[in-house]
Amino acid sequence: INYKTLDTTRRCNARLMVNSNLLPFLLYAQLITLTSCLTIPLPGGRSISYNSKTGVLRIQLESNTAATTGLPRQLLPTAGTHPDPNVVQSIDVRDTGIPQKGFGAYATRPIERDVFLGFYEGDLIRSRDTLEDVVRGRGQASGAGDYVMSLDGGVTFLDGYERAKDRSIFSPVHLNHAEKNTHPCNCIRLLEEDRVAFFTSRTISPGDELCFDYGSNFWSGREELKLLE
């Protein structure tokens, strides 16, 4: 399931050019400050959510059920849920042989479609300034900022740098990028608050690398490193 951030996500005090039909919902979300998280459903499975702790307004422009996977948002596992150990043992983290990609995750046995691969693991960082300090502190370390996932368009992040160092056991932090709607892109992410769950989006054969689309924001300023599939 793909969630567009505004580009899909902006802070509540940002200027938003939106259809006039959405204006009442936006105003209502901005005025609700006593509720930590408010979600307003819209026709067609879309929604608007507001988190008063971060001041972030998210507009989900696509349906809750992705036509490509048939996986409804309600199936997001509860916090602390672990993937099936047999699935984890079916994925090997090894060198891709491509310098720009480094290590990747490869299936050693067939993995069915819509299989839960786990949550993105990392330290929760609640400001961009803090994130920049953390990354800067790593100096010239390889991949110093490559394992950072934005949860809300640039306010809250999950930093998987330390978890990615352990390649003995697969984690979604080991997934490489593949362009959406291409055959190598065989995983999806499902985001809700500070949880990012990963699932397979098609049946994966032994030897296939597991990949998902990082999104355009990740590649901003580093386009020359992007490998087109």
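Tutor: Start with burial: a residue is buried under 20% relative accessible area, exposed over 50% and partly exposed in between, using a 1.4 Å probe and protein chains only. This is a predicted model, where local features need pLDDT of at least 70, side-chain atom pairs count only at pLDDT 80 or more, and totals for chains, interfaces and linings use all residues. Residues are numbered from 1 along each chain as its sequence is written, and side-chain values use heavy atoms, leaving out hydrogens and water.

Student: Are F198 and F212 buried or exposed?

Tutor: F198 and F212 are buried.

Student: How many aromatic pairs does the structure hold?

Tutor: Rings of Phe, Tyr and Trp (its six-membered ring) pair if their centres lie within 6.5 Å; planes under 30 degrees apart count as stacked, over 60 as edge-to-face and the rest as tilted. The structure holds 6 such pairs. In one of them, the planes of Y120 and F198 meet at 35° with ring centres 6.2 Å apart, so the pair is tilted. Y120 and F198 are both buried.

Student: What kind of pair do F198 and F212 form?

Tutor: An edge-to-face pair, with 75° between the planes and 4.9 Å centre to centre. Y120, F198, F212, Y214 and F218 form one aromatic cluster.

Student: Which ring does the charged end of R94 sit over?

Tutor: A charge sits over a ring if NZ of Lys or CZ of Arg is within 6 Å of the ring centre and within 35 degrees of the ring normal. For R94 the ring is that of Y106, with the charged end 4.0 Å from its centre. R167 lies over the face of F103, 3.7 Å from the ring centre.
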